[in-house]
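Trainee: I have a model open and would like to go through it with you. Where do we start?
Mentor: With a term we will need, once the model is up.

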Amino acid sequence: MGRPTDVSQAASVVPDGVTIFDTTLRDGEQSPGISLDAREKVEIAEQLARLQVDVIEAGFSAASPGDFDAVKAVAEIVGNAPRAAQGPGGSQGESDHREPPVIAALARAIPADIEAAAKSLAPARRHRIHTFLSTSDIHRRYMLQASEDEILAQAVRAIELARTFTDDVEFSPQDATRTDFPFLVDIVAAAVEAGATTVNIPDTVGYALPHDFGGWIAELHRRIPDIAAKDVVISVHCHNDLGLAVANSLEAVRNGARQIEVAVNGIGERAGNCSLEEVVMAIRTRADLLGVDHALHTPELTRTSRLVSSLTGYSVQKNKPVVGANAFAHESGIHQHGVLADRLTYEIIRSEDVGADGSQIVLGKHSGRHAFFKAVEDLGFELDEAEAQNAFRRFKDLADRKGIVSSEDVAAIVIAETHVKADDDYELVSLAVTGGTDAEPSATVVVRLAGADVAAEAGRDVGATVTAEASGDGMVDAACGAIRRAVGRDGVALVSFQVAAVTGGIDALGEVTVTVAVEDGQRFTGRGVSTDIVEASARAYVDALNRSRRLVHRSSEFRP
Ligand SMILES: CC(=O)SCCNC(=O)CCNC(=O)[C@H](O)C(C)(C)COP(=O)(O)OP(=O)(O)OC[C@H]1O[C@@H](n2cnc3c(N)ncnc32)[C@H](O)[C@@H]1OP(=O)(O)O
Ligand SMILES: CC(C)C(=O)C(=O)O
Ligand SMILES: [Mg+2]
């Protein structure tokens, strides 16, 4: 696998190595609302160095005194700190040290900008001046009022001036993909002739399509033999206006580009730049087809993404490839079944290769038995067949109402289910309540007579259901009244009632504990769990009644 090996001023690459040029601190910072101070830029640049990017574009030195200082700080601190070597794909390398990254700054094709860039970059051990000038008709006419000849001459002057400060000069014909191709060939050839060591082909407005763009990169190499003869690196800088920045960059690489300009989390002007994490993982994952590599230590990707997100205030969407919260999460039963057996069934990247937390099985309404019972087992529960069936049914009910079911929810479901013992006499089958500010609270319950004694007392078969209605002071009172009526135990009184949240959020599971006094004055406590507090109360009430019946069974067992 090829990696950048040249540690001289220019970040040149071996034939199958791709230089990763990170512009998070320059183009990324051009995203509306982002402004990073020197301290924040240094912090991100240090992380980019840990990630082993080859070039860090630290800013636009002529933009403001603050950006000048920030570029200088990055050049001084990160541009002089050797990086511990780390192997591709994440293995920690031997003890040798790599050169610091190349620090770059952007400059218009005018002396003042180039001089400011040179001055701010001077402290870095290796530095690059990146100068640019628009070449498309539309930019030339409306922004620069300059002819092709004038643009070409200005670009050459800028590159020659930049070369007086450093051997590492990059030139970008801005809006290259809307430039007349013959003129693009002329200006790239002139830039090479003037001493540019990297020529970047920016798709400034994200206009290119992969096949076409790749063809342009190949054609530039064909028409300008000096690119190869002088070891000039052709770079690409793709914007994402049509969502094609990564695809265009990869197609350019397939056609000979050997530098990709990227930004962490894909931030940048408008729809952003080519996303660093996506393109570097595409290169690693599909090395079989692309046949190139880069030097990035990818286990730092997630940390880098989070740092940039927190310092820029740009959050990462959940479904963002590689670094999004869902990148390794599975919610549907068929996928979960596969991933539990072998994660490669539904994952093409190993989560540890990008520093993520591992595959996540998220329980929800699309989950199946494999995932649910794995969660139950992980919590240390063992369920018999009947408990398992009932717990799974309750889980699906809860998932329908709640969306995501947490492991605390699973524990609550299982505890509630194992509470329904085989010797329970009553089972709450269903509950319906009505009420509101202007309606009297009322409840209808269906209770199954599961115990032989209670069924016989009621003159019914074991397992028969009884429906009863009642109204009350509130819905809980109405529900308890209806249960009393269904089981024929009017003498039972509610003594105390407590509610606690088992899980967090507006859709949390609530746990209700009730104490009832039965006909002879004895007290029994019952417990119920549900997202619906009235249902939890009804379950707790039935649980307390079952406990009172268990005592009856036990005392009759010990009767002499
Ligand atoms: C595609 C890209 O990302 S390009 C980089 C974009 N980044 C930025 O613009 C961020 C930093 N920019 C800034 O802080 C300011 O725009 C500055 C300091 C560079 C210039 O500010 P101002 O002098 O006030 O000019 P303003 O931004 O209004 O207009 C741009 C000027 O630069 C000229 N210009 C634009 N690109 C270039 C270039 N590559 N080379 C030379 N001149 C250029 C324009 O013609 C215009 O000149 P004019 O003032 O003579 O008409
Ligand atoms: C300065 C250049 C490389 C740029 O950001 C662009 O064209 O998008
Ligand atoms: Mg750009």
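Mentor: Helices and strands here are DSSP runs numbered from the N terminus, a helix having at least four residues and a strand at least two. By that count, Asn-273 lies in the loop between strand S10 (259-262) and H10. Bear in mind that this is a predicted model.

Trainee: Is Asn-273 buried or exposed?
Mentor: Asn-273 has 33 other C-beta atoms within 10 Å. The cut-off for buried is 20 or more, so Asn-273 is buried.

Trainee: What is Asn-273 in contact with, leaving aside its neighbours within four places in sequence?
Mentor: Among its contacts are Thr-23, Asp-27, His-239, Asn-240 and Glu-261. Gly-266, Ile-267 and Gly-268 are also included.

Trainee: Where does UniProt place the feature "binding site"?
Mentor: The unreviewed UniProt entry puts that feature at Asp-27, His-237, His-239 and Asn-273. They span 247 residues in sequence, but no two of their C-alpha atoms are more than 10.2 Å apart, so they gather at one spot.

Trainee: And His-237, which strand is that in?
Mentor: His-237 belongs to strand S9, residues 233-238. His-237 is buried too, with 31 other C-beta atoms within 10 Å. Beyond its neighbours within four places in sequence, its contacts are Ser-172, Asn-200, Pro-202, Asp-203 and Glu-261.

Trainee: Ligands next. Which residues are around ligand 2?
Mentor: Asp-27, His-237 and His-239 are among them.

Trainee: Changing topic: what domains is the protein divided into?
Mentor: Domain 1 covers 19-312, domain 2 covers 329-415 and domain 3 covers 424-557. Between domain 1 and domain 2 the C-alpha centres lie 43 Å apart.

Trainee: How many residues of domain 1 and domain 2 are in contact?
Mentor: Ten from domain 1 and seven from domain 2. On the domain 1 side, helix H10 (276-285) and helix H12 (301-312) each supply at least two residues. H12 has the largest share, three residues. That side divides into three nonpolar, five polar and two charged residues.

Trainee: What about confidence? Which elements have the lowest and highest mean pLDDT?
Mentor: The lowest is strand S4 (residues 92-98), with a mean of 47, and the highest is S7, with 99. For the protein, the mean pLDDT is 91, and 92% of residues reach 70 or more. The model scores are ipTM 0.98 and pTM 0.81.

Trainee: Over which residues does pLDDT stay under 50?
Mentor: One such stretch is 87-96, for which the model has 17 contacts beyond four places in sequence. Where pLDDT is low, the predicted coordinates should not be read in detail.

How values were computed:
Residues are numbered from 1 along each chain as its sequence is written. Chains are lettered from A and ligands numbered from 1 in the order in which they are written. This is a predicted model: local features need pLDDT of at least 70, side-chain atom pairs count only at pLDDT 80 or more; totals for chains, interfaces and linings use all residues. A residue is near a molecule or strand if its C-beta atom, placed from the backbone, lies within 6 Å of it. Domain bounds come from an automatic or database domain assignment. Two residues are in contact if their C-beta atoms, placed from the backbone, lie within 7 Å. Ala, Val, Leu, Ile, Met, Phe, Trp, Tyr, Cys and Pro count as nonpolar, Asp, Glu, Lys and Arg as charged, and the others, Gly among them, as polar. UniProt positions are given in the numbering used here, feature names are shortened, and annotations may be inferred rather than shown by experiment. A residue is buried if 20 or more other C-beta atoms lie within 10 Å of its own, exposed if 12 or fewer, and partly exposed in between; C-beta atoms are placed from the backbone. pLDDT is the predictor's confidence in each residue, from 0 to 100.
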